[in-house]
Amino acid sequence: MFDLARFALRLLCGTSLMWCLLPRAKVSSGFFRIQMLVALGLSVLGALAVSRAEAAGAGRAWDAVISAGMARAGLIVLAGASFLGSVLWTLERRAAGTFLVFAIACLSTVTLLLAMPSPVPIGGSVPAAYASELSAAALLGSALAGMLLGHWHLTAPTMSLAPLERLAAVFGGTAVVRAVVAAACLWMAYHAIETSTHAVWLGLRWIAGIGAPLVLAVMVRRILRYRNTQAATGVLFVAVILTFIGEMTALLLERDLGRPL
């Protein structure tokens with residue numbers, strides 16, 4: 001269950017970082033109101049998953065207990081901030097809402113890193129563990145935020161296309177970064193893969209979580225040249241599903257092998 005909490009935190013961290021990169025003056029307040037509700041749901045899901053993991057994990061190592069406590073505390077604060085943010089964006093308080101956008105991005109990033117299990121045993125490389133965590137969050141967040149912004153364009157067709165084009169470019173960039181980080185982690189930990197099951201998981205992880213996002217990012221950029229937001233949103237929806245599959249598989253491999261892949 002703690003894997004579920006980490007996945008929710010990655011989504012929240014990555015999505016909130018994408019909010020900071022958007023040209024917010026060109027995006028209507030309703031989009032951010034909905035995003036705050038999404039962040040609220042992810043925070044509650046993560047907090048519940050941490051509590052469930054703690055209840056089932058008696059006798060765990062001390063560092064894991066500390067990680068779970070930090071995750072739960074951070075997620076509770078994030079839930080409160082997200083609810084307040086949804087109220088502020090509903091009332092069109094854009095300045096205060098923007099402050100909360102950055103506050104949630106910073107807090108979720110700090111919580112994600114502090115809540116990690118001790119990274120030293122994970123492949124013996126602290127930078128690799130942190131780079132893997134942040135690149136996964138960025139890839140998941142850019143895919144999800146881009147897909148939700150594309151859906152918002154369907155209800156607000158007069159909104160500028162610049163924010164969606166920027167997120168599409170960021171999605172492509174994060175896909176490249178994630179591929180580089182994953183390749184480095186695989187090079188350091190390839191000897192740990194000993195069973196055919198892990199080899200199959202690794203193949204799924206790379207096909208769905210690395211290769212597919214790179215291809216889909218190019219497709220979205222080309223589709224947006226024709227200002228077809230509906231088709232671009234459909235491709236981004238597929239990207240969300242595939243990145244979810246890839247990163248969930250990576251978490252399973254990390255749990256079994258003790259190394260980020």
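Helices (H or I, at least four residues) and strands (E, at least two) are DSSP runs, numbered from the N terminus. The structure above is a predicted model, in which local features need pLDDT of at least 70 and side-chain atom pairs count only at pLDDT 80 or more, whereas totals for chains, interfaces and linings use all residues. Residues are numbered from 1 along each chain as its sequence is written, and side-chain values use heavy atoms, with hydrogens and water left out.

**Loop residues with a positive phi**

- Most residues other than glycine have a negative phi, and most peptide bonds are trans.
- Glu 92, which sits in the loop between helix H3 (62–90) and helix H4 (94–114), has a positive phi of about 65° although it is not a glycine.
- Arg 227, which belongs to the loop between helix H7 (196–224) and H8, likewise is not a glycine and has a positive phi of about 60°.
- With a relative accessible area of 59%, Arg 227 is exposed (exposed means over 50% relative accessible area, buried under 20%, and partly exposed in between, with a 1.4 Å probe and protein chains only).

**Packing of H5 with H8**

- Two packed helices are described by the angle between their axes and the distance between the axes; here, axes are lines fitted to C-alpha atoms, for helices over the stretch in contact, and angles run from 0 to 180 degrees between N-to-C directions.
- Helix H5 (residues 126–155) and helix H8 (residues 229–257) have axes that come within 8 Å and cross at roughly 150°.
- H5 and H8 are therefore roughly antiparallel to each other, given that angles over 145 degrees count as roughly antiparallel, under 35 as roughly parallel, 65 to 115 as roughly perpendicular and the rest as oblique.
- Their crossing is left-handed, a term used if the near helix is turned anticlockwise from the far one by less than a right angle, while clockwise makes a crossing right-handed.
- Contact means heavy atoms within 4.5 Å, and the residues that make the contact include Ala 136, Leu 139 and Leu 140 of H5, together with Thr 229, Gln 230 and Thr 233 of H8.
- By class, this contact of H5 with H8 has eleven nonpolar, eight polar and one charged residues, where Ala, Val, Leu, Ile, Met, Phe, Trp, Tyr, Cys and Pro count as nonpolar, Asp, Glu, Lys and Arg as charged, and the others, Gly among them, as polar.

**Packing that involves H6**

- The axes of helix H6 (residues 162–189) and H8 come within 13 Å and cross at roughly 25°, which makes H6 roughly parallel to H8.
- The crossing of H6 and H8 is left-handed, and the contact is made by Leu 164, Phe 171 and Arg 178 of H6 and by Thr 229, Leu 236, Ala 239 and Glu 247 of H8.
- In the contact of H6 with H8, four residues are nonpolar, one is polar and two are charged.
- The axes of H5 and H6 come within 8 Å and cross at roughly 155°, which makes H5 roughly antiparallel to H6.
- The crossing of H5 and H6 is left-handed, and the contact of H5 with H6 has 18 nonpolar, seven polar and one charged residues.

**Buried residues in helices**

- Ser 16, a residue of helix H1 (residues 2–21), counts as buried at 0% relative accessibility.
- The side chain of Ser 16 reaches the backbone oxygen of Leu 12 at 2.8 Å, and, not counting residues up to four places away in sequence, Ser 16 touches Ile 104, Ala 105 and Ser 108.
- Thr 111, found in helix H4, counts as buried at 5% relative accessibility.
- A polar atom of the Thr 111 side chain lies 2.7 Å from the backbone oxygen of Leu 107, and, leaving aside neighbours within four places in sequence, Thr 111 is in contact with Leu 9, Met 70, Ala 71 and Gly 74.

**Exposed and partly exposed residues in helices**

- Cys 106, also placed in helix H4, is exposed, with a relative accessible area of 52%.
- Asp 256 lies in helix H8 and is partly exposed, with a relative accessible area of 42%.
- Leaving aside neighbours within four places in sequence, Asp 256 is in contact with His 198 and Trp 201.
- The side chains of Asp 256 and His 198 are joined by a polar contact of 3.3 Å (a pair of N or O atoms within 3.5 Å; within protein, one must be able to donate a hydrogen and the other to accept it, and residues adjacent in sequence count only if both atoms are side-chain atoms).
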